[in-house]
Amino acid sequence: MKVERLPPIVSTLKPSNHPYLNGPWTPLLEEVNASDLDVIEGKIPDDIDGLYLRNTENQIHQPLGRFHPFDGDAMIHMISFRDGRANYRNRFVRTRCFTAEQEAGASLWGGLADPAHLSLRPGFGAHGSLKDNASTDIVVHAGKALSTFYQCGEGYRLDPETLDQQGVAPWGPLDGISAHTQVDEHTGELMFFNYSKHAPYLHYGVVDRDDRLTTYMPIPLPGPRLPHAMAFTEHYSILNDLPMFWDKDLLARNVHAVRLHEGLPSRFAIVPRHGGEVRWFEAEPTYVLHWVNAYEDGDEIVLDGYFQEEPMPKPRREAPSGYEHMMAYLDEYSFRPKLHRWRFDLATGRTREERLDDRVMEFGMMNGRFAGRKYRYAFSTISEPGWFLFKGFVRNDLETGATKAFTLGAGRYASEAPIAPRIGSTREDDGYLVSFVTDENTATSECILLDAAHLEDGPVVRIALPHKLCSGTHACWADRTRVA
Ligand SMILES: [Fe+2]
């Protein structure tokens, strides 16, 4: 492995005992280019050609208040595969806020767990006082990587392979772009939404394969809401109004306290992809962070995602003092998300719901070529109890109900694992799950590939990475044909 280290960035972060600034959440501050990565075990397959991109959250400066892991700056990690060889790079995303804090040599914005007045400059996004750190999500659209923020920020673009910074997506509206934009690999379109504290509170848009904004429309809501993700089918997009959002009275005093609003249902908006009449459907109250996929089945829209049984969990008594509330909202075993199916009948207006698996799981992935289309396999992560860390994967066969699982072992933590389809494959599970693994036993990181059809067999290859990665949130796979 050849490693080139880039000039260091300015950091003022001091050691602390914060549970999300240590261990597998220790921020990584160096940027490198590494070529011809070494294999620890197995052989790099020569039947995939493309890139795995992962967004992680790395705090650079001493926080102004109480750090929350979603406050960290975006770092994109890229591993490319071709002809049985692998290269790696990582870069911070040069957002306006990253640049401003580099120039100041200090934090300028408070975080999610802080009062709004802590920020020294006007903030961004739906919240309005936060740093736009673009650190939540990453997709590839129109040949570019797009890094986005869950509170709605600017869409930052990078060359997917060199990670050269390419500035802000020019089509981004004033209310920004939420994380969880969706790419339809069949049409090359990108679907997105944003939300805000001012009417109409929600917008939906489409950008075509040539990077032109073709649809942008309001989806009026009764007030400010906190949708985290959207889904799409071949002809429709699905947005949501869930009963977990900022308390109205506190929000009037600029206090951002999220609570479950008893008595309100979950509501889903079914929108024709390129605009038109919005159909609303009601369902059992819950909160959902992530959807796995959606598709059309006769008159019905089928939507799979993770139904939270306890959207407003009790504080975790076991957590370090002062972090009880934060750690409950980061612990899946506290809010208990479960794989769930909603069916919205366009003919009758009725909703049907069904639990697909009773285990706690989240952060679902599937073969991107089947996104928006009928699909069979959902791949979810299993988390470490008490922590926002992934310790393994579950595969659900949604036709037969059969499941398979793989667990990494003590002290080893994965990243979200999309499918890299084999070259020329047609079968949905003919490919590899790709994941970065951080190993706390050895203080190293590696990339693993699991056979999507036999993930219980463990990695087909383990590839050494040049440094230990910090944990984060989302990742994607892009075939070479989508990058060139
Ligand atoms: Fe997310």
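This is a predicted model: local features need pLDDT of at least 70, side-chain atom pairs count only at pLDDT 80 or more; totals for chains, interfaces and linings use all residues.
A residue counts as buried here if 20 or more other C-beta atoms lie within 10 Å of its own, with C-beta atoms placed from the backbone.

First, the whole chain. It holds 5 helices and 34 strands. The radius of gyration is 21 Å, close to the 23 Å that the globule rule gives for 484 residues, so the chain is as compact as a globular protein of that length. Along the principal axes, the C-alpha atoms fill a box of roughly 60 × 55 × 45 Å. Among contacts with a separation of 6 or more, 59% come from residues 24 or more positions apart.

Now for β26, which covers residues 377-383. How many of its 7 residues are buried? The count is 7 of the 7, so the strand is largely enclosed by the rest of the structure. Both faces are covered: Y377, F379, T381 and S383 sit buried on one side, while A378, S380 and I382 are buried on the other.

| Partner of β26 | Residues | Sense | Bridges |
|---|---|---|---|
| β25 | 362-365 | antiparallel | 2 bridges |
| β27 | 390-397 | antiparallel | 7 bridges |

Down at the residue level, E362 has T381 in β26 as its bridge partner, and Y377 is bridged to D397 in β27. The hairpin of β26 and β27 has 6 residues between the strands, and there G386 takes a positive phi near 95°.

Definitions and conventions. Residues are numbered from 1 along each chain as its sequence is written. Helices (H or I, at least four residues) and strands (E, at least two) are DSSP runs, numbered from the N terminus. The radius of gyration is taken over C-alpha atoms; the globule rule is 2.2 Å times the number of residues to the power 0.38. Two residues are in contact if their C-beta atoms, placed from the backbone, lie within 7 Å. A residue is buried if 20 or more other C-beta atoms lie within 10 Å of its own, exposed if 12 or fewer, and partly exposed in between; C-beta atoms are placed from the backbone. Two strands pair if DSSP finds at least two bridges between them.
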